[in-house]
Amino acid sequence: MGSDTKEYRPPKGLICPIITPLTDKKLLDEASLEKLIRHVEPYIDAILLGDISFGEVLFLNSRTREDLIARGFEIIDGRLPILVTITDETAEKTNKNMYRFESIIERSGYTGEIFWVDYPIYYHSNRKLPQFYRELSENTKIPFIIGNDPRLIKNNKIPVRHKNIRTSIMKNLANLESIKGLIFSGTLNRALNYQKGLRDRKDFRFYDGNEGTFLKRPSSSGVVAGGANLLPEAWRKITYSSLNLYDVQREYRDYVRHIWRTGSMLQAIYDLYGKNPGVVMKYILYLAGLIPNSVTASGESVGPDEERTIKAVIKEYEIV
Amino acid sequence: MGTKILKQAKEVLQIEAEGILNLVNRVDDKFEELVDLIYHSKGRVILTGIGKSGIVARKIVATLNSTGTPSLFLHPVEAMHGDLGMVRPDDVVVALSNSGETDELNMLIPSIKAIGCVLVSFCGRVDSTLARNSDIVIDVGVEREACPLGLAPTASTTALLAMGDALAVSLVHKRRFKPSDFKRFHPGGNLGQRLSVRVREIMLTGELIPTVRAGVSMKEVIEEINRLQMGAALVIDEDDTLVGIVTDGDIRRFLIHSDQIHERRVEDVMTRNPKTVPPNTLALDALTMMEKYEITILPITNSAKRVQGILHLHDILGKGAFKFNGV
């Protein structure tokens with residue numbers, strides 16, 4: 001870790017991976033970004049800029065990616081912890097992103113809490129991964145939250161041997177002070193094995209990267225929920241309820257019915273975007289009037305059947 | 001459908017088991033400090049909590065009480081309406097809260113501090129208000145709950161309960177809790193029932209008492225011990241007054257120094273003035289005496305020291321099935 005590394009405590013609770021609103025020319029739509037951040041800000045505990053799934057960051061050109069970070073930091077202005085994805089197609093590009101983004105942040109004079117988010121298995125094998133992070137940590141003041149998501153690797157053009165960080169490697173990674181948490185997607189067995197490996201790190205955060213998993217069996221660190229772009233208040237309610245189980249029930253007269261209804265709605269919406277988060281969420285946000293178009297970085301759009309299903313579900317829950 | 005239910009059930013058990021296993025590494029010198037504190041405390045352990053934590057607190061109170069640690073439950077709301085009066089400066093207050101931000105509980109903190117008690121918290125968040133204001137914090141946080149939508153705490157309540165058991169059992173070991181202590185706190189239990197009777201109801205009497213007269217040879221003593229298979233014989237004088245006891249142990253100890261035991265008189269081998277109890281003694285107290293002096297045979301005498309009966313440890317514990325202390 002760099003000598004001046006910031007000793008932030010990683011956030012707990014609801015982390016929103018904000019979508020990247022684009023203009024027709026696929027440049028950052030700054031006004032929509034600000035509108036969206038203002039929409040979610042009162043309800044979330046941290047924001048994730050440039051998420052791979054919801055932020056479509058791997059499809060953005062480097063200028064748009066830099067603009068997203070620069071503008072995002074200006075809008076948030078220290079009010080929330082910010083997580084920034086640095087992952088790219090190769091280790092070199094990821095390393096380069098980290099340098100570029102850090103210099104943008106330094107130039108902005110930003111003093112709030114920042115964490116790098118990186119999904120290493122997307123571009124790096126398990127072999128020598130701890131060494132890679134040791135070297136990476138030497139060159140940054142910002143701590144890391146690493147990600148594990150086999151769904152991302154499935155879509156990777158470059159063939160990789162493993163879709164997950166191996167448990168023994170995770171244990172070694174957790175020995176690095178610069179790594180503060182994990183955004184986890186995967187099977188329950190793997191989650192439990194990782195937890196065993198992470199037992200020695202009391203301050204380590206273990207976020208659910210899969211919203212569906214959090215709704216079924218919530219992690220006590222919190223969730224990275226793209227659904228919060230659309231329904232931040234409902235996500236807030238479920239996250240708060242899940243993390244404050246002992247105290248929250250007394251706050252509602254009909255708590256169980258309330259939470260069950262909210263949770264069922266979030267699950268139904270998640271079922272719409274779970275398989276193609278960036279594209280579907282953008283379309284829903286467009287229908288909800290939160291962004292002016294549904295332009296995606298990849299150029300992909302929802303098909304007619306999907307459109308009909310989405311419209312029916314959001315009508316059922318009176319989202320539009 | 002069946003498979004899905006089984007899968008879900010197994011997942012819940014897996015998550016809860018992991019929650020407890022994660023606590024194993026978190027038990028540190030703070031826990032030892034807590035056990036020491038309660039062990040040396042002259043007061044009681046007062047547990048407090050609300051909602052599910054309150055229910056768990058009540059169970060921990062029951063476990064502590066039945067294992068010899070005086071304990072009370074204090075409802076945080078009732079505490080603010082007068083029940084705080086039950087708290088004394090030498091009590092140890094243990095507050096249970098997963099979030100550590102429960103208003104009713106945190107409102108108590110200044111009052112507990114003012115009384116002068118040590119405040120301990122069993123808390124899922126070590127950076128919470130409750131934890132920051134506690135003298136000792138026991139981390140009971142779990143990584144994951146097993147219930148969908150956070151409808152009910154699951155793994156976290158299990159973890160709380162398990163930590164309470166860890167505390168109670170640690171205190172049992174620290175106090176060297178014995179079967180007689182168990183009786184004191186479980187008068188309704190099977191062992192408890194056996195220990196609540198008077199000695200006269202379970203002692204052996206008449207021909208069943210292995211007795212020899214003073215002055216007889218050890219050969220006769222050994223024959224008497226063999227006859228009744230109690231591992232001892234009582235030595236009485238001509239007035240039937242108890243003057244000593246010869247046990248297997250006395251014989252073994254004598255044989256180490258001399259193998260000429262048969263010709264010896266009983267007075268050369270016996271233990272004079274053995275421990276005795278009167279017939280109206282509680283079996284519990286007889287057992288306590290046996291534990292204290294590490295003996296298994298107790299002569300029962302009246303106030304004139306005349307033998308009324310004899311009691312073996314097995315007669316108290318029942319059929320010799322229960323062993324303790326290696327005696």
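I began with a definition: axes are lines fitted to C-alpha atoms, for helices over the stretch in contact, and angles run from 0 to 180 degrees between N-to-C directions. I noted that this is a predicted model, in which local features need pLDDT of at least 70, side-chain atom pairs count only at pLDDT 80 or more, and totals for chains, interfaces and linings use all residues. Residues are numbered from 1 along each chain as its sequence is written, and chains are lettered from A and ligands numbered from 1 in the order in which they are written.

**Entry 1. Helices of chain A**

H1(A) and H2(A) pack at an angle of about 40 degrees, and their axes are 10 Å apart. The pair is therefore oblique. I wrote down the cut-offs: angles under 35 degrees count as roughly parallel, over 145 as roughly antiparallel, 65 to 115 as roughly perpendicular and the rest as oblique.

The crossing of H1(A) and H2(A) is right-handed. A crossing is left-handed if the near helix is turned anticlockwise from the far one by less than a right angle, and right-handed if clockwise.

Which residues make this contact? H1(A) brings A:Glu30, A:Leu33, A:Glu34 and A:Ile37, and H2(A) brings A:Arg71, A:Gly72, A:Ile75 and A:Ile76. Two residues are in contact if their C-beta atoms, placed from the backbone, lie within 7 Å. By class, I found four nonpolar, one polar and three charged residues in the contact of H1(A) with H2(A). For the classes, Ala, Val, Leu, Ile, Met, Phe, Trp, Tyr, Cys and Pro count as nonpolar, Asp, Glu, Lys and Arg as charged, and the others, Gly among them, as polar.

I then went on to helix H3 (residues 91-108) of chain A, which packs with H2(A) at an angle of about 30 degrees, the axes being 10 Å apart. H2(A) and H3(A) are therefore roughly parallel to each other. Their crossing is right-handed. On H2(A), A:Glu66, A:Ile69, A:Ala70 and A:Phe73 meet A:Arg100, A:Phe101, A:Ile104, A:Ile105 and A:Ser108 on H3(A). This contact of H2(A) with H3(A) has six nonpolar, one polar and two charged residues.

**Entry 2. Domains of chain B**

I found chain B divided into domain 1 (2-177) and domain 2 (197-317); the bounds come from an automatic or database domain assignment. The centres of the two domains of chain B, taken over C-alpha atoms, are separated by 50 Å.

**Entry 3. The five-stranded sheet of chain B**

In what order do the five strands of the open sheet stand? The order is S2-S1-S3-S4-S5 (chain B), with parallel pairing. Two strands pair if DSSP finds at least two bridges between them. Strand S2 (71-74) and strand S5 (136-139) of chain B are the edge strands, each pairing on one side only. From one strand to the next, the twist averages 20 degrees.

Strand S1 (residues 45-48) and strand S3 (residues 92-97) of chain B pair in the parallel sense over four bridges. I located one bridge, where B:Ile46 has B:Val93 of S3(B) as its partner.

H3(B) lies across S1, S2 and S3 of chain B and runs at about 165 degrees to S2(B). The axes of H3(B) and helix H8 (residues 155-175) of chain B come within 9 Å and cross at roughly 20 degrees, and the two helices are therefore roughly parallel to each other.

**Entry 4. The four-stranded sheet of chain B**

A second open sheet has its four strands in the order S6-S7-S8-S9 (chain B), and the pairing is mixed. S6(B) and strand S7 (residues 232-236) of chain B pair in the parallel sense over three bridges. The bridge partner of B:Val212 in S7(B) is B:Val235. Helix H11 (residues 218-228) of chain B lies across S6, S7 and strand S8 (242-247) of chain B, at about 130 degrees to S7(B).

**Entry 5. Where the chains touch**

Last, I looked up the contact of the chains, which takes 28 residues from chain B and 26 residues from chain A. On the side of chain B that touches chain A, H1(B) gives the most, with seven residues. This side of chain B has eight nonpolar, 12 polar and eight charged residues.
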